[in-house]
Amino acid sequence: MCMFCAAIPAAAAIGANLNAKQKATQRAAEEAGTEPPPAKPVAKLTLAALIALAIGSVVYHTVISPIWGLTFF
């Protein structure tokens, strides 16, 4: 498996974990009656990373891999 294909599920898992932690922190602050910390755009950044990795994977498998003679995938 190429580095791009392996990084896609890892990035999705990390982004989901960060998003869940952020929502839990905000929920805990609201229940405690304090001001929640400002929200960060974790979901949008995760989506951008996944799109970039998918584009990198397509480029690798269609352009770079055939040039090097690595036709298996």
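Residues are numbered from 1 along each chain as its sequence is written, and side-chain values rest on heavy atoms, with hydrogens and water left out. Since the model is predicted, local features need pLDDT of at least 70 and side-chain atom pairs count only at pLDDT 80 or more, whereas totals for chains, interfaces and linings use all residues.

Helix 1 covers residues 3–32 and helix 2 covers residues 42–68, where helices are DSSP runs of H or I with at least four residues, numbered from the N terminus. Helix 1 has 30 residues and spans 43 Å from its first C-alpha to its last, close to the 44 Å expected at 1.5 Å a residue; the expected span is 1.5 Å times one less than the number of residues in the helix. Gly 15, Gln 22, Gln 26 and Ala 29 are the buried residues of helix 1, buried meaning under 20% relative accessible area, exposed over 50% and partly exposed in between, with a 1.4 Å probe and protein chains only. In an α-helix there are 3.6 residues a turn, so residues three or four places apart point the same way.

Just after helix 1, Gly 33 takes a positive phi of about 85°. Computed along the chain, Glu 35 and Asn 17 are 18 residues apart, while in space their C-alpha atoms are 22 Å apart.

Thr 46 has its place in helix 2 and counts as buried because its relative accessibility is 15%. Leaving out residues up to four places away in sequence, Thr 46 touches Ala 11, Ala 12 and Gly 15, a contact being heavy atoms within 4.5 Å. Ala 13, in helix 1, is partly exposed at 48% relative accessibility, and its C-alpha atom is separated by 9.4 Å from that of Thr 46, 33 residues apart along the chain.

Apart from neighbours within four places in sequence, Ser 57 is in contact with Phe 4 and Cys 5.

With a disulfide taken as a pair of cysteine sulfur atoms within 2.5 Å, the count comes to zero disulfides. Cys 2 is in no disulfide, the nearest cysteine sulfur being that of Cys 5 at 3.3 Å, and Cys 5 is likewise in no disulfide, with the sulfur of Cys 2 as its nearest, 3.3 Å away. Cys 2 is buried, with a relative accessible area of 12%, whereas Cys 5 counts as partly exposed at 26% relative accessibility.

Leu 47, Ile 51, Ile 55, Val 59, Val 63, Ile 64 and Ile 67 make a nonpolar surface patch of about 630 Å². Such patches are made of residues with over 30% relative accessible area and no salt bridge, with nonpolar side chains (Val, Leu, Ile, Met, Phe, Trp, Tyr) joined within 5 Å and like charges within 9 Å; a salt bridge is a side-chain nitrogen of Lys or Arg within 4 Å of a carboxyl oxygen of Asp or Glu, and accessible areas come from the Shrake-Rupley method with a 1.4 Å probe, only the protein chains shown counting as cover for residues. Ile 67, one of the patch residues, is found in helix 2 and is exposed, with a relative accessible area of 66%. Ala 49, which lies in helix 2, is partly exposed at 32% relative accessibility, and the C-alpha atoms of Ala 49 and His 61, twelve residues apart along the chain, are separated by 18 Å.

Conventions. Helices (H or I, at least four residues) and strands (E, at least two) are DSSP runs, numbered from the N terminus.
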